[in-house]
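Please read the points alongside the sequence and the model.

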Amino acid sequence: MADMRLIVAGAGGRMGRALMRAISETQGAVVIGALEAPGSDLIGKDAGVLAGLPANGIEVSADLWSLSANADGILDFTVPAATIANVAIAAQRGLVHVIGTTGLSASDMAVIRSVTARAVVVQSGNMSLGVNLLAALVKRVAQSLDEDFDIEILEMHHKAKIDAPSGTALMLGEAAAAGRKISLDKRSARGRDGFTGARNSGDIGFASLRGGTVTGDHSVIFAGPYERITLSHHAEDRMIFAHGALKAALWANGKKPGLYSMADVLGVGDI
């Protein structure tokens, strides 16, 4: 079977470089394009060299339409505006679009869903295999424990991260809310400060920490009467996200149009 031909969006960023390295280590996939924002000083640079690999002759470009002429998929860990700009082109070209971008709004997700009648999209707030298994466990535990157990989500990331709570924390919150059959938007508690009053029973709380070079730590705490259950994941290297995204792309290649998640990739969507 021919190798899956992939474009890496945000090729000059930390995740873009990790994706380039992951593809170089994986059979069945090959990089055929590297994308950056118009005006980036990385345009024209060799994508392999940027990733700390030998030169591969692939120059960074800002023209997704041209890059995608002979591609099968795009790995997209950028920013919401860039991802949404890529969605229409990826759908028109029939690319598998793997989206790991965080900070997507409800309107952004509506745009993504609008193309899935004719395009294959795998979207997740975290592409780590371990985190997605954690989310399945969180949903199952939330189903089993009633509102006597308060749910709190604690996350920490490096000091350069620009969104909070993290996409992963929100994904875990959605898993907990699904287990409880409630709306996270209506039952989310964030930014406690000052005289807040007692905790509302049934809310899902979030706390975000930022500092240093932390790749990503997430804990979901079920705090009940006289006991606590804590489910945690600690990311040690962003390569786990790159390898997860690549697994998602290879899994999605040839699938019917639709919006898929990493739970689908791992076969735990029915938990």
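1. Tyr260 counts as buried, at 19% relative accessibility, whereas Trp251 is partly exposed, with a relative accessible area of 23%. Buried here means under 20% relative accessible area, exposed over 50%, and partly exposed in between (1.4 Å probe, protein chains only). The model is predicted: local features need pLDDT of at least 70, side-chain atom pairs count only at pLDDT 80 or more, and totals for chains, interfaces and linings use all residues. Residues are numbered from 1 along each chain as its sequence is written, and side-chain values use heavy atoms, with hydrogens and water left out.

2. One aromatic pair is found in a search of the whole structure. Trp251 and Tyr260 form this pair, at 5.2 Å centre to centre and 80° between the planes, and the arrangement is edge-to-face. Rings of Phe, Tyr and Trp (its six-membered ring) pair if their centres lie within 6.5 Å; planes under 30 degrees apart count as stacked, over 60 as edge-to-face and the rest as tilted.

3. The charged end of Arg93 sits over the ring of Trp65, 3.5 Å from its centre. For Arg190 the ring is that of Phe206, with 5.4 Å to its centre.

4. Leaving aside neighbours within four places in sequence, Leu6 is in contact (heavy atoms within 4.5 Å) with residues including Ile23, Ile32, Leu75 and Leu246.

How values were computed: A charge sits over a ring if NZ of Lys or CZ of Arg is within 6 Å of the ring centre and within 35 degrees of the ring normal.
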